[in-house]
Amino acid sequence: MNMPPRPWPTGKTERLEPLVRRMLANNPSPFTFTGTQTYLVGDARGLAVIDPGPDDAEHIEALLGAIDDAPVLAILCTHTHRDHSPGAAPLAAATGAPIIGCAPLTLEDDGPRADAAFDTSYAPDTVLADGDLVRLPSATLMAVATPGHTSNHLCFSLVESGALFTGDHVMGWSTTVVSPPDGDMSDYMISLDKLYERADRVYYPAHGPQIDKPQQMVRGMIGHRRMRERQILRALETGPVTIEIMVAQMYPGLDVRLHRAAGRSVLAHLIDLQRRELVVQAEGDLWVPAP
């Protein structure tokens, strides 16, 4: 998706429906599109803030202005990438609200590390499990566990309106990067199937525009991932192939800044295919079909 024309509405709230407002943080990048979108849910009697975004003083100040005198009853984080959760701590300090939502993330394996992308200072007061509820005076939010993009990823359903806040699990501008060791393609596909079985009315992602036909979008995403699997298997028919070569074949015209991210998703597919005994890793970065 092409970038929308500037100016972007950073620091301003947009009302999406009676109980939902959105504010864009000023952190655009090839990985965040125009930036991270923070959502204010509820009314003057009490609000929840979903994905407070980066620890950026201007963004936090703008959020506090939009909150005004409404009590903040919960600060919810879908996951702990650095563009989503670091704003929770300063917002909690300013409002006294508890930090609620996804679990803190600890990487314990010996594989390639992705710590730099994660907010290691995130310290929730309460961790939500699938189906747990956060009750506001005007609204009810339900946690929907969606591991895959990260192992701790949650979506949040606004029960009263049928809206789903999808974080990075489903985005409005691009496919989601699934980067091992924490990102897991097997889990991601299961989570997509889970969302496809739901009857949500609209998705509000952390990046990009709202999604008005959720089931159609998720069906297309599942098909896209299956297409990537087929591309990988076809690439291996000619002999041992590296991930770098697969990225060049599978993503023609991709911004070079996104090649590494695409390679991580290819690796996630390969690990999933290996578990299913369809491929094996040969020497180094070479992959071959399973015997």
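Reply: Happy to! Let's begin with a term: a cavity is a set of grid points where a 1.4 Å probe fits but cannot get out. Keep in mind that this model is predicted.

Me: How many cavities of 30 Å³ or more does a search of the whole structure find?

Reply: The general idea is that rolling a probe the size of a water molecule over the atoms shows where empty space is left. Here the search finds one cavity of 30 Å³ or more. The largest cavity holds about 30 Å³ of space.

Me: Which residues line the largest cavity?

Reply: Its lining is made of Thr175, Thr176, Tyr188, Met221, His224 and Arg225. By class, that lining has two nonpolar, three polar and one charged residues. Helix 4 gives the most to the lining, with three residues.

Me: How do I describe the packing of helix 3 and helix 4?

Reply: Two packed helices are described by the angle between their axes and the distance between the axes. In this model, helix 3 (residues 185-196) and helix 4 (residues 214-235) pack at about 155°, and their axes are 9 Å apart. Angles over 145 degrees count as roughly antiparallel, so helix 3 and helix 4 are roughly antiparallel to each other.

Me: Is the crossing of helix 3 and helix 4 left-handed or right-handed?

Reply: The crossing is left-handed. Residues making the contact include Met185, Tyr188 and Leu192 of helix 3 and Val218, Met221 and Arg225 of helix 4. By class, this contact has nine nonpolar, one polar and four charged residues.

How values were computed. Residues numbered from 1 in each chain as written. Predicted model: local features only at pLDDT ≥ 70, side-chain atom pairs only at ≥ 80, totals over all residues. Heavy atoms only, no water. Axes fitted to C-alpha atoms, helices over the stretch in contact; angles between N-to-C directions. Helix = DSSP H or I, 4+ residues; strand = E, 2+ residues; numbered from the N terminus. Parallel < 35°, antiparallel > 145°, perpendicular 65-115°, else oblique. Left-handed = near helix turned anticlockwise from the far one by under 90°. Contact = heavy atoms within 4.5 Å. Nonpolar A, V, L, I, M, F, W, Y, C, P; charged D, E, K, R; others polar. 1 Å grid on protein atoms, 1.4 Å probe; cavity = no way out; pocket = protein on both sides within 12 Å on 5 of 7 lines; lining within 4 Å. Points joined across faces, edges and corners; volume = space filled by probe spheres on them.
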